[in-house]
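The structure is shown first.

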Amino acid sequence: MAFRIPCAVTHSVSNSTIVKEVEFGMCTVTCGVGIREVILTNGCPGGESKCIVRVEECRGPVDCGWGKPISESLENVKLVCVHTSPENRFKYVWKLLRPDQQAIVLTNDTAVLEVQREIRPMALECDTLDNNEIVASIKFTVYTTKELQMKRSRPPDTDAVLVFVLTIGVVLCIFVIFVLIFIIINWAAVKAFWGSKTSTTEIHSELSSMRYKDSTSLDQSPAEIPGHEDDALSEWNE
């Protein structure tokens, strides 16, 4: 996403004013301080449609929430403050956070802090200052060695299972959509197919009923035969 802002620049070419339009690219960060491109969309050299004029600093909300270490082991953790190049243009203040107490300011004033793990978890915060103004603030949790081992030994998260289920659901939905599209496009053929199946079913039902009637008549005929024989005998005796 880019933001377009027109700006007028006066050139001594036929005493006319050439209006140039620029776009600001997305900031590289969602909080703190980052960089973005300034793109010219009109008046680029060589007739190009777009060209990068410069790269400038951009800023987002100061609070960056809780961050993750850039590297860690069972013994120590390496943390880094929010910053852009050059790193030394900012001032960094590291603090050890304590519940219901005032934070302790650490002596380290660089962007990177290496912390040894202790018997209790720690919460650290780094404020990035530019001209004594806080432009970014990020917090970190440093777990104990035992806690880190427990986290690493936990079973895989259910995210993989959820992704698998969602993928199967999406595939089934796409399959159903294609089936419906096929039925709509070939509705005449589908209708004829189901019509033929219906007529076949009706024929089978008629045949079954006829067979039932035939079997019923066959069951009744032996009972009628003795009656005819008795009539014939009586006539002969007479």
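## Salt bridges

A salt bridge here is a side-chain nitrogen of Lys or Arg within 4 Å of a carboxyl oxygen of Asp or Glu. The model is predicted, and by this rule it has eleven salt bridges.

Glu57 and Arg59 form one of them, with their closest N and O atoms 3.0 Å apart. Glu57 also bridges to Arg89, where the closest N and O atoms are 2.4 Å apart. This second pair links distant parts of the chain: Glu57 lies in strand E4, Arg89 in the loop between E7 and strand E8 (91-97), and 32 residues separate them. Through shared partners, salt bridges join Glu57, Arg59, Arg89, Asp130 and Glu133 into one network. Relative accessibility is 28% for Glu57, 40% for Arg59 and 36% for Arg89; Glu57 is therefore partly exposed.

Glu23 and Lys50 meet at 3.4 Å, N to O. Glu23 belongs to strand E2 (residues 16-24), while Lys50 is in the loop between strand E3 (33-40) and strand E4 (51-59), 27 residues apart. Glu23 has 9% relative accessibility and so counts as buried; Lys50, at 46%, counts as partly exposed.

## The three-stranded sheet

Three strands form an open antiparallel sheet in the order E6-E7-E10. Strands E6 (71-72) and E10 (112-116) each have a single partner strand, so one side of each is left without a neighbour in the sheet. Strand E7 (residues 76-80) pairs with E10 over five bridges, and Lys78 stands opposite Glu114 in E10.

## Annotated segment

An unreviewed UniProt entry places a "transmembrane region" at residues 160-189. In the model, this stretch is 97% helix and 0% strand, with its end C-alpha atoms 42 Å apart.

Methods:
Residues numbered from 1 in each chain as written. Predicted model: local features only at pLDDT ≥ 70, side-chain atom pairs only at ≥ 80, totals over all residues. Heavy atoms only, no water. UniProt positions renumbered as here; feature names shortened; annotations may be inferred. Helix = DSSP H or I, 4+ residues; strand = E, 2+ residues; numbered from the N terminus. Pairing = 2+ DSSP bridges. Buried < 20%, exposed > 50% of the residue type's maximum accessible area, 1.4 Å probe, protein only.
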